[in-house]
Amino acid sequence: MSKFKPLLSADEWDELNFPRDKINQFDLVVERAISRRGFLGGVLVFGSGAAAMGTGLVSSTSIAAQQAASRFEFAPVAPATDGTVHVPEGYHWKVLAGWGDALFSSADGYDIANGGLLENSEKIFGENTDGMETFIFQSHQLIAINHEYANRETNLPAEQKGVPANADDVLKLQNLQGVSVFEIAESGDGWSIVKDSMFNRRITHNTPMRMVGPAAGHELLKTPADPNGTMALGTINNCGSGKTPWGTYLTCEENFNGYFGSTVKPQAVPSALVAKGYDRYGIDADGWEYEYHKWDARFDTSKSPNEPHRFGWVVEIDPTDPESTPVKHTALGRFKHENAEVVLAPDGRVVVYMGDDERGEYLYKFVSSGRYRPGGATSELLHDGTLYAARFNDDQTGEWLALTPQTTSMDAEEILIFTRMAASAVGATTMDRPEWIATNPNAIEAYCCLTNNKNRGVKPNAGGDETPVNGPNPRQTNHYGQIVRWRPHHADHAATTFDWDLYVMAGNPDVYHNAYGGSKNINSGNMFNSPDGMAFDMQGIVWIQTDGKDTNKGDYAGMGNNQMLAGDPVTGEIARFLTGPKGCEVTGLCWSVDRRTMFVGIQHPGGDWPDGNGKLPRSSVIAIKRDDNGLIG
Ligand code: FEO
Ligand code: CA
Ligand code: CA
């Protein structure tokens with residue numbers, strides 16, 4: 001055992017610091033058992049609690065068929081409980097970049113003794129890697145990557161429990177988060193960062209950003225430092241990612257609420273609407289002990305009450321131009337954004353699928369007003385469009401409900417700034433924490449990881465919306481998670497109606513012989529919990545990453561550490577490809593341009609991975625290759 005304890009994920013921080021309403025209005029659990037036919041051809045039986053009838057997304061015959069003809073070119077790996085990464089025989093991995101690695105030769109690299117120096121903190125690979133995408137520009141391969149949050153104790157070892165004690169401490173944490181853009185190159189020794197590349201760039205909690213779209217300049221976005229409400233500083237709690245057809249990077253602001261606090265208590269709130277927004281989004285007078293509000297006035301809600309409204313957005317970054325100003329897109333709504341999956345409708349409109357990762361919050365879709373044309377103007381395509389929230393009906397149909405003044409009784413700008421309230425107003429379906437959404441390149445369909453929700457059927461969401469057991473969220477106190485999939489009608493991602501099924505319900509078939517045992521494509525050899533990251537490769541295989549309990553005991557016995565699995569959308573087959581080190585979350589996935597390398601993120605590892613010798617664990621990106629240098633997606 002290492003002397004270093006496993007670190008908390010941002011989601012765990014949020015739950016610890018912002019426990020939701022304890023009132024249980026829904027202790028009478030809805031019990032149902034509804035048979036339906038899923039896309040995979042099996043009969044799906046939903047159940048809840050002790051009344052669960054067992055599940056079967058994939059019929060026994062199709063399981064037998066897929067075992068005979070698996071599309072996977074690897075032998076699955078066993079669950080692991082140790083402190084390193086495992087991949088299948090015939091594959092190998094190497095660290096590409098880790099927290100503290102220098103992006104510029106003027107910076108010292110990682111230093112265990114002092115957690116890195118302030119003067120280097122803007123020139124190094126930041127902490128807690130998350131979503132990432134690869135780009136090719138004039139033969140240069142680039143990665144844009146998120147740094148979701150910072151562990152105070154590891155970065156500020158001189159301070160008591162890592163709590164910032166001065167403005168420099170705060171600035172160091174602000175510099176270690178945000179986004180990195182850097183060039184990579186492959187040599188005989190594998191992949192590495194191209195130090196001092198003209199593309200290398202750090203975007204931090206202080207980088208200037210333009211606010212665009214319908215809500216830009218709104219009263220609720222104006223602050224003492226920015227009376228026009230159009231220029232924000234920084235991007236915060238960057239979780240999942242997205243990539244546009246025109247080659248820009250999308251970074252998604254998730255648990256931004258925890259960075260704010262108030263030096264005046266109780267928290268001063270200028271209006272009933274702002275107070276309602278603070279409650280819904282979790283803006284609290286104490287914050288998460290980042291202590292920004294004590295040393296940086298704009299994070300003090302008593303001095304700058306609208307500053308929290310300038311976070312919770314999707315931000316667009318041009319990775320090919322280090323001088324470019326990132327753009328915050330108000331048209332895509334404000335919530336705890338997980339990722340942004342971009343796909344084109346047949347008529348060229350841009351569709352962006354987005355999840356709001358909190359218990360009982362919603363799934364969203366943006367459809368642009370303008371149309372994408374290769375070579376045409378793209379800079380304003382995400383400035384204007386229609387935002388929808390999803391309603392899933394129990395008959396396996398669904399609708400995208402437009403969020404408009406008519407449907408919500410809110411004005412157009414307030415819909416975008418308080419999007420959660422708008423989705424509540426139209427009666428969208430409360431979901432089990434929507435994490436990543438991915439679209440299949442070989443079929444007109446989309447998948448969303450619903451990671452888990454201990455409050456399902458137990459208590460309402462932060463807005464007081466009921467969270468009864470429902471179609472795509474079929475288990476009370478759902479601690480395993482599931483992946484919902486939808487097919488838009490008319491084979492058009494811009495359509496407002498769809499059919500849906502569950503691709504998989506995670507569970508433990510060794511412990512439970514009911515719905516908590518999982519769907520029939522889950523077995524003792526591939527079980528996992530809490531699906532989170534997700535992406536399709538070019539072959540149409542869906543890669544599923546987990547961020548769950550890794551105790552390997554009780555309900556989680558046999559699952560081991562967090563992992564990455566491959567899924568066949570056609571047969572339902574799922575096989576474990578990678579296991580991460582104890583304590584980690586596996587998150588972030590992209591490929592080299594030649595598809596012979598897969599880059600995978602390992603966030604908040606425990607122990608001393610990857611350096612060993614008792615050194616601090618470092619969140620890192622690994623490069624995985626086949627031994628024969630064959631295609632890997
Ligand atoms: Fe940053 Fe919901 O994960
Ligand atoms: Ca996540
Ligand atoms: Ca998660």
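# Close-up views of a predicted model

**Figure 1. The site of the calcium ion (ligand 2).** Along the chain, the donors of the calcium ion (ligand 2) follow the spacing E-x96-E-x96-D. The structure shown here and in the other views is a predicted model. The protein donors of this ion are E338 (OE), E435 (OE), D532 (OD) and D532 (OD), and they lie 2.3 to 2.7 Å from the calcium ion (ligand 2). E338 belongs to strand β15 (residues 337–344) and D532 to strand β24, so the pair ties together parts that are 194 residues apart in sequence. E338 and D532 are both buried. A further ion, the calcium ion (ligand 3), is 3.9 Å apart from the calcium ion (ligand 2), and E435 coordinates both.

Figure 2. Strand β24 (residues 531–536) pairs with β25 in the antiparallel sense, over four bridges. These two strands form a hairpin with five residues between them. In the turn, G540 has a positive phi of about 85 degrees. Strand β26 (residues 563–567) also pairs with β25 in the antiparallel sense, over four bridges. W543 of β25 can be followed to both partners: A535 stands opposite W543, and in β26 the bridge partner of W543 is A566.

**Figure 3. The two faces of strand β25.** In a regular strand the side chains alternate between the two faces of the sheet. In β25, V542, I544 and T546 point one way, while W543 and Q545 point the other way. Is each set buried or exposed? The residues of both sets are buried. Because five of the five residues of β25 (residues 542–546) are buried, the strand is largely enclosed by the rest of the structure.

Figure 4. The buried residues of helix α5 (residues 272–281) are V274, G277, Y278, R280 and Y281. They cover an arc of only 165 degrees around the axis, which puts them on the same side of α5. An α-helix has 3.6 residues a turn, so residues three or four places apart point the same way. On the other side of α5, A272, K276 and D279 are exposed. The cover over the buried residues of α5 includes α8 (412–417) and α9 (419–426). Just after the helix, G282 takes a positive phi of about 80 degrees.

**Figure 5. The largest pocket and the strands that line it.** The largest pocket has a volume of about 950 Å³. Its lining consists of 40 residues, of which E133, K243, E341, F536 and M538 are the closest to the centre. Strands β4 (129–137), β11 (238–243), β15, β20 (434–439), β24 and β28 (585–591) each supply at least two residues of this lining. Which strand gives the largest share of the lining? The largest share comes from β15, with six residues.

Figure 6. Rolling a probe the size of a water molecule over the atoms shows where empty space is left. The structure holds six cavities of 30 Å³ or more, and the second largest cavity has a volume of about 60 Å³. The residues that line the second largest cavity are W99, G100, D108, G109, Y110, D111, G115, G116, L117, N120 and I124. Y110 lies in the loop between β3 (91–98) and β4. Leaving aside neighbours within four places in sequence, Y110 is in contact with W99, G100, D611, K615, L616 and R618. Y110 and I124 are 14 residues apart along the chain, and their C-alpha atoms are separated by 8.3 Å.

**Figure 7. P474 in its loop, and the chain as a whole.** P474 is placed in the loop between β21 (446–450) and β22 (482–488). P474 is buried, with a relative accessible area of 3%, which is under the 20% that marks a buried residue. P474 and M505 are 31 residues apart in sequence, and from C-alpha to C-alpha they are 9.3 Å apart in space. In the chain as a whole there are nine helices and 30 strands. Of its 633 residues, 62% count as buried. Among the contacts in the chain with a separation of 6 or more, 65% are accounted for by residues 24 or more positions apart.

Technical notes:
Residues are numbered from 1 along each chain as its sequence is written. Chains are lettered from A and ligands numbered from 1 in the order in which they are written. This is a predicted model: local features need pLDDT of at least 70, side-chain atom pairs count only at pLDDT 80 or more; totals for chains, interfaces and linings use all residues. Side-chain values use heavy atoms; hydrogens and water are left out. Buried means under 20% relative accessible area, exposed over 50%, partly exposed in between (1.4 Å probe, protein chains only). Two strands pair if DSSP finds at least two bridges between them. Donors are N, O and S atoms within 2.8 Å of the metal (3.2 Å for Na, K and Ca); water is not among the atoms, so sites may look incomplete. The arc is that of the directions from the helix axis to the C-beta atoms. Contact means heavy atoms within 4.5 Å. On a 1 Å grid over the protein atoms alone, a cavity is a set of points where a 1.4 Å probe fits but cannot get out, and a pocket is an open set with protein on both sides within 12 Å along at least five of seven lines; lining residues have an atom within 4 Å of a point. Grid points are joined across faces, edges and corners, and a volume is the space filled by probe spheres set on the points.
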